[in-house]
Amino acid sequence: MTQMEYAKPRSFKELDGIFESAKGPLRFIAGGTNVVPDLRAGTISPRLLVDLSGLKEMAYIREVKGEIAIGALSTISDILASRVICDKAPLLFQAARHLGSPLTRNRATIGGNLADASPAADTAPSLLAMGAMVHTRRRRGKERTIPLDRFFLGPNKTILAKDEIITRITFAKPKDPSRGRYLKLGLRNAMTISVASLAVSLEPEGSSFGGARIGLGAVAPTPVRAYLVEKKLASGAMDPKNIEACAQLITKEISPISDIRASADYRKRVVAVLFQRAIQAAVNGGTP
Amino acid sequence: MKKTEVCLTVNGVTHHLGLSPNALLLNVLRDELGLTGAKYGCGTGQCGLCTVLVNGRAVLSCLTLAVAVDGADIVTVEGLSRPDGSLDPIQEAFLDHGAIQCGYCTPAMVITAKDLLNRNAHPTEPEIREQIEGTLCRCTGYLSIVRAIKSCGDRAGAPAPRPSPMKKSR
Ligand SMILES: Cc1cc2nc3c(=O)[nH]c(=O)nc-3n(C[C@H](O)[C@H](O)[C@H](O)COP(=O)(O)OP(=O)(O)OC[C@H]3O[C@@H](n4cnc5c(N)ncnc54)[C@H](O)[C@@H]3O)c2cc1C
């Protein structure tokens, strides 16, 4: 830690320059709500800390032609203050509302939440359920687009290369925003890390469960889509029997661990309950 | 460690400081500038006692690198009172409602409330409770604190509620 240097690029060009001249491991920092505790605990000790918060072109929330785009530097508070997210992507709004406390949300960024790759990352299940894409940039302007369900590799591991940053997250505007629901179970109601979390997004009313998407948090090494359940939901009727059968299946599609917050067995049980509640709420247009 | 030049405007006074990249905003405020209102509590963001305003928003100064807020406008509890020494309405409200016991959380509570009142002059009780959910008080049981913040909103003239995204109920 005594060797750590600090750089704050103001443009992608400056960032490229930093990559060219960097010696030794570097670490990005955005809001710092994960990085600073890690630095202090000594679990990371980069030679160079690259502060992305000067890349102002990465702080925006926009809707363009049916697509919602969120710059990686947008804070969780920015998301909660956004008319676009509140009205058109309430599934993400609900998740943001559950992340940390307002004090954390004022600095925590959406890019940092995904890049940190906690299995419990609160924005991930909703973004998975909306089929989000992660857009990245490497040195010299090399860009790629990664579906979020292929972005996470394990706890705190992502597909990102060492010189690759998230620039923005995009997803198609939900057809009926009211047909989605994010539920999080923690050990208390406020300021808590998930024991389990689940986001459901359904197609507009009148259709079947076809097109239903389910994102899960804290019940596998990474946030995950429940593809088997989605398939089973779609192949059955929109009735309690199908929902019940899918609630059974969901406990088989996950691989939770026992930890300080809950046992694996408990997580399986509560995910089935969260699933039933969330799907019921989504069917009813967002209200449980 | 190599020092970085950092410019911070704290309670209206601009300071140019040479700081290590790992210097925490909290330590700079307390040790370099002698502003001991913001407290060290847990060091991990759980207790909220180090809260200060950075560009108008309440943030955890123990999880913020000072270099990362170069150029920012910072307000600590010491900066809330007016030049003539009279207190800010939120400070008056805390006194009026006995919202202080040991006082350790008070600077953070007042700053956290200020962040809300700046954006929303008439917060509802649920909005107040949500705002202070990351700021721990071990004495008051929170009721007097919630009342104090509420009274500030009630005093701020006729309510003119403006629908905003953050006003949506959970
Ligand atoms: C008290 C407290 C409570 C919390 N509660 C929750 C909670 O309830 N739910 C939850 O999900 N999280 C929670 N967190 C974790 C954290 O606040 C979030 O994950 C936050 O979104 C991280 O964003 P950041 O900008 O602070 O990330 P940083 O700490 O700056 O960075 C996190 C990681 O992402 C990398 N990174 C950041 N931005 C980029 C980018 N654009 N491209 C590539 N890599 C990048 C960094 O290198 C680092 O590895 C909590 C943290 C604290 C301190």
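Predicted model: local features only at pLDDT ≥ 70, side-chain atom pairs only at ≥ 80, totals over all residues.

Author: Residues are numbered from 1 along each chain as its sequence is written, chains are lettered from A and ligands numbered from 1 in the order in which they are written, and side-chain values use heavy atoms, with hydrogens and water left out.

Reader: What are the bounds of the domains of chain A?
Author: The bounds come from an automatic or database domain assignment. For chain A they are domain 1 (5-54), domain 2 (56-172) and domain 3 (180-283).

Reader: What distance separates the centres of domain 1 and domain 3 of chain A?
Author: The centres are taken over C-alpha atoms. Between domain 1 of chain A and domain 3 of chain A, the separation is 36 Å.

Reader: Which residues of helix α1 of chain A are buried?
Author: Helices (H or I, at least four residues) and strands (E, at least two) are DSSP runs, numbered from the N terminus. Buried means under 20% relative accessible area, exposed over 50%, partly exposed in between (1.4 Å probe, protein chains only). In α1(A), residues 12-21, the buried ones are A:Phe12, A:Leu15, A:Asp16, A:Ile18 and A:Phe19.

Reader: Which strands of chain A do the buried residues of α1(A) pack against?
Author: Contact means heavy atoms within 4.5 Å. The strands packed against in chain A are β1 (5-7), β2 (26-29), β3 (48-51), β6 (133-138) and β10 (165-172).

Reader: How many residues of each domain of chain B take part in the contact?
Author: Chain B is assigned domain 1 (4-79) and domain 2 (89-155). Their contact takes 15 residues from domain 2 of chain B and 16 residues from domain 1 of chain B.

Reader: What area do domain 1 and domain 2 of chain B bury between them?
Author: Buried area is the accessible area (1.4 Å probe) that two parts lose on being put together, summed over both. Carbon and sulfur atoms hold 62% of it here. The area is about 1,200 Å².

Reader: Which side chain meets B:Asp115 in a salt bridge?
Author: A salt bridge is a side-chain nitrogen of Lys or Arg within 4 Å of a carboxyl oxygen of Asp or Glu. The rule finds one across the interface of domain 1 and domain 2 of chain B. For B:Asp115, at 2.9 Å from N to O, the partner is B:Arg57.

Reader: What area is buried between chain B and chain A?
Author: The contact takes 36 residues from chain B and 36 residues from chain A. Carbon and sulfur atoms give 58% of the buried area. That area is about 3,000 Å².

Reader: Which element gives the most to the side of chain B that touches chain A?
Author: Between the chains, the count is four salt bridges. One joins the side chains of B:Glu133 and A:Arg105 (3.0 Å, N to O). On the side of chain B that touches chain A, β4, α3 (106-119) and α4 (125-131) of chain B give two or more residues. With four residues, the element that gives the most is β4(B).

Reader: Is B:Thr64 buried or exposed?
Author: B:Thr64 is found in the loop between β4 and β5 of chain B. B:Thr64 touches residues including A:Arg107, B:Ala23 and B:Val69, not counting residues up to four places away in sequence. At a relative accessible area of 1%, B:Thr64 is buried.

Reader: What is the relative accessibility of B:Val28?
Author: B:Val28 lies in helix α1 (residues 25-32) of chain B. B:Val28 touches B:Leu8, B:Leu17, B:Leu19, B:Ala23, B:Leu33 and B:Ala66, leaving aside residues up to four places away in sequence. B:Val28 counts as buried, at 2%.

Reader: What is the relative accessible area of B:Ser81?
Author: B:Ser81 is in the loop between β5 (73-75) and α2 (89-96) of chain B. Beyond its neighbours within four places in sequence, B:Ser81 is in contact with B:Ser86, B:Leu87, B:Asp88 and B:Gln91. B:Ser81 is partly exposed, at 28%.
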